[in-house]
Amino acid sequence: MVTSFFQPGSSFVHHLDPRPKLIILIVFIIVFFLPMKLMLLSLYMLTICLITLAFLGFAELVRPIRSILPILLMVMLLTPPFHRSGVIIFAPFGFPLITSGGMFEALRLAARFSSITLLFYLYLRTTDNDNLVLSLRWFGISFNLALIMTIALRYIPYLTRLYSNALDAHRLRGSSVNVHRKSFYRRFLKSVPVLTSVLIQSAKGITVLAMALETRGLGRKNRRTSLLNLKSGSDLVFDFIYAGILITLLIFCFIIFH
Amino acid sequence: MKESGKMPFSPALRISTCAVLTAVTAVFTLVVRIPIAPTRGYLNLGDVAIYFSAFTFGPFTAFIAGGMGTALADLLAGYPQWAPISFIVHGMQGLTAGMIAGLYSNSKSSIRINLRWLLAAVVGTIVMCTGYLAGGTVLVGFGAALVELPGNIIQNLAGILGGIPLALAVRRAYPPVVNFRW
């Protein structure tokens, strides 16, 4: 099972500090929700596509777009009927089903959704889980929330194995959870004992985990130290300068073309 | 730490409760899937974990476990664009369901408990479906968001059908679990 979306690499985006990357991500998303011409939105989308293509390659550009193709298709098919502005293009039985305004709105939504998907993909593909949590901490997320996130990410593979073991144990006792002939409801009922076993084991693990955290000093008043740290010094300054240049260009284009 | 009786709620216990339930929600969303024969699709059990957390561990654990668990599942499954919406919507779903389920919690009648839980799950369903419709409208437009609505309702019904029996079964099989509620 996938426990991280991160793909190790040596590109410029990989080396960029996660904090300026997160700022760029947030600024881009805010800009995408501002009212703008379709041409400018397409220009932004093209820029993100080119960045992905240049630093991650063609396969990494196609992968996220392929995963959202069904949604994009739905957007293109179902958005026009809800917008009646503009020139009527198709009106069966006198009902204006497709208008130019509806088509533009569908294209705008599809471009925005694709761009946001690519941005998130680019960020997560080039930032590992530890750096992601540390950058969120730097932006003010509480230590407890960050710790919950870190522990949960470590626990997911363990719980997956636990579920798999419980499933095998129940199968050995004659329970057939995944038999396709059975009705959905019966299959669902058959899975309840397996899930109960997983949940009881998980609940029992809570006290053990709490004791482990207390042993490591959680809840004490002493100054907290950190095993993992984000980079600092001139590298960080340069990363922020790069981010600043990109954001300035983004806003400059927005003002010029708007 | 004792396994029975009311336990003092230390920060470590709160953090570990939330972390384990977050992982449970993520695994129930990502891994535990029940195939639906006619459509050849799958039904994930993320909502089962959210309702289980709300009824067993209370609103705050359900808020964090529901919100963060589904957001992590979105991040790991390759749909990170939905993660902020999932965090807010499923978090609110767990919070409201947990708060309603906790009302008049001194009652010992199992029928009352079940009715309260059912009401909590119905309100949770409304919160989740409305939230996803609103979030989806912002992200992909009203038309595409509306298509997701029946799927969300079915997912929630499965969550109610699974969450209530699971919460009752776990309470019966492992009674100390009621002490983890806060």
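A:Phe12, A:Phe55 and A:Tyr242 form one aromatic cluster. The model is predicted, with local features requiring pLDDT of at least 70 and side-chain atom pairs pLDDT 80 or more, while totals for chains, interfaces and linings use all residues. Residues are numbered from 1 along each chain as its sequence is written, chains are lettered from A, and side-chain values use heavy atoms, without hydrogens and water.

Rings of Phe, Tyr and Trp (its six-membered ring) pair if their centres lie within 6.5 Å; planes under 30 degrees apart are stacked, over 60 edge-to-face, and the rest tilted. Over all chains, 15 aromatic pairs are counted. The planes of A:Phe12 and A:Phe55 meet at 40° with the ring centres 5.8 Å apart, so this pair is tilted. Helices are DSSP runs (H or I, at least four residues) numbered from the N terminus. Because A:Phe12 belongs to helix H1 (residues 12–15) and A:Phe55 to helix H3 (residues 38–56) of chain A, the pair ties together parts 43 residues apart in sequence.

A:Phe12 also pairs edge-to-face with A:Tyr242, at 5.3 Å centre to centre and 70° between the planes. A:Tyr242 lies in helix H10 (residues 234–257) of chain A, so its pair with A:Phe12 of helix H1 links parts 230 residues apart in sequence.

| Residue | Relative accessibility | Class |
|---|---|---|
| A:Phe12 | 40% | partly exposed |
| A:Phe55 | 32% | partly exposed |
| A:Tyr242 | 39% | partly exposed |

Methods:
Helix = DSSP H or I, 4+ residues; strand = E, 2+ residues; numbered from the N terminus. Buried < 20%, exposed > 50% of the residue type's maximum accessible area, 1.4 Å probe, protein only.
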